[in-house]
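Subject: Structure for you to look at

Dear colleague,

I am passing on the structure we talked about, together with some notes on what turned up in it.

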Amino acid sequence: MDRASVPREINSTNAPNINFPTHFMTLTLLLTRAIPLGFVLVGKHVQLACLCLVSFPLLGAATAMGYMIFTLYFSWSAIYVISTCLTLSGSVGMILAETFEEKDLYLAGLPSLGINKKMSVIQLLARLTIVTVFLGIQTQYSRGMNNHLFNEQLVFCLEVLVVTPTVVAVIVGYKTKLAALVCGLWLLAASLISFPFFLHLDRITSSVFWVEATFFSEALAAVGGLLYLIILGAGTYSVDHMKKNF
């Protein structure tokens, strides 16, 4: 091969700054999340901020779902992305539901009905999406618990006898507050046991540290949504509400 035809190595002085677009996109994504999050924390324009925050995970879930449909390829990685995005959307949805205050409806001196359809619909959607965390990262927690001196059969039995019934209870809205409490405690315990990234701060530059931190933060987001579910309840479209009317 002719030596002249071989491209010369690009000198660092005249090399284009290829990191600039990456840094710019990272900063943009950070600001588009940090600014709405700040509004939520201070309690200003919460509804608009929640809509901004929920748009990103919903877009991610739609993208992953579209990939699976377009390629006709079932992937657990795509299922994990979808479940995580839906869980984050559900947690933000519970915050959004809190902003819709009950509007008392008075008609000719009749008692207040106290039904807010928007709040009820959001609570239903949030309740259904939060528990999708058990479709994705829950499998990672099970592996982590098995790797930390826990018997595999014991973990499986707990998932079948405890976790699965409580997840179903949250979905249908039966004993919702108790079921959400059990699910939240299970997620918190499983994440602390499986991914204790905070005990390995000396490995902060390693990829394993950030993977564990990501799994832990996703579980923490789901726990926060379940806490809101404990406070607000299942809403109108639930077994608990129907039992009150009978």
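A residue is called exposed here when its relative accessible area is over 50%, buried when that area is under 20%, and partly exposed in between. By that rule histidine 45 is exposed, because its relative accessible area is 59%. Please keep in mind throughout that this is a predicted model.

Overall architecture

The protein has nine helices and zero strands, so that from the N terminus on its elements read α-α-α-α-α-α-α-α-α. Of its 246 residues, 35% count as buried, and the protein exposes about 16,000 Å², of which carbon and sulfur atoms supply 71%. Among the contacts with a separation of 6 or more, 67% are between residues 24 or more positions apart.

Two loop residues with positive phi

Histidine 45 sits in the loop between helix H1 (19–42) and helix H2 (46–71), and it has a positive phi of about 50° although it is not a glycine. Lysine 175, in the loop between H6 and helix H7 (176–194), also has a positive phi, near 50°, in a residue other than glycine. These two are worth a look because most residues other than glycine have a negative phi. Lysine 175 counts as partly exposed, because its relative accessibility of 45% falls between the two limits.

In soluble globular proteins, nonpolar side chains tend to be buried together. The largest nonpolar core in this model has 19 residues, and those with the most contacts inside it are Phe134, Val167, Val170, Cys183, Leu187, Leu226 and Leu229. Helix H4 (117–130), H6, H7 and helix H8 (207–232) each supply at least two residues of this core, and H7 gives the most to it, with five residues. Apart from this core lies another, of 13 residues, which includes Val46, Ala49, Ile95 and Phe100.

Which residues does phenylalanine 134 contact, once its neighbours within four places in sequence are left aside? They are Val163, Val167, Cys183, Trp186 and Leu187. Leucine 187, in helix H7, is buried, because its relative accessible area is 0%. Leucine 187 and phenylalanine 134 are 53 residues apart in sequence, while their C-alpha atoms are 8.9 Å apart in space.

Leucine 53 has its place in helix H2 and is buried, because its relative accessible area of 16% is under the 20% limit. Not counting residues up to four places away in sequence, leucine 53 touches Arg33, Pro36, Leu37, Val40 and Val92.

With neighbours within four places in sequence left aside, glutamine 47 is in contact with Leu96, Thr99 and Phe100. The C-alpha atoms of glutamine 47 and leucine 96 are separated by 5.9 Å, although the two residues are 49 residues apart along the chain.

Cysteines

How many disulfides does a search of the whole structure find? It finds zero. Cysteine 50 is in no disulfide, and the nearest cysteine sulfur to its own, that of cysteine 52, is 9.3 Å away. Cysteine 50 is buried, because its relative accessible area is 1%, and cysteine 85 likewise counts as buried, at 12% relative accessibility.

A nonpolar patch on the surface

Finally, Leu154, Phe156, Leu158, Val160, Leu161 and Val162 form a nonpolar patch on the surface, and together these residues have about 540 Å² of accessible area. One of them, leucine 158, has its place in helix H6 (residues 152–172). Is leucine 158 buried or partly exposed? Leucine 158 is partly exposed, because its relative accessible area of 32% lies between the 20% and 50% limits.

With best wishes

Key. Residues numbered from 1 in each chain as written. Predicted model: local features only at pLDDT ≥ 70, side-chain atom pairs only at ≥ 80, totals over all residues. Heavy atoms only, no water. Patch = residues over 30% accessible without salt bridge, like charges linked within 9 Å, V, L, I, M, F, W, Y side chains within 5 Å. Areas by Shrake-Rupley, 256 points an atom, 1.4 Å probe, with all protein chains shown as cover. Salt bridge = Lys/Arg side-chain N within 4 Å of Asp/Glu carboxyl O. Helix = DSSP H or I, 4+ residues; strand = E, 2+ residues; numbered from the N terminus. Buried < 20%, exposed > 50% of the residue type's maximum accessible area, 1.4 Å probe, protein only. Core = buried A, V, L, I, M, F, W, Y, C linked by side-chain atoms within 4.5 Å. Contact = heavy atoms within 4.5 Å. Disulfide = S-S within 2.5 Å.
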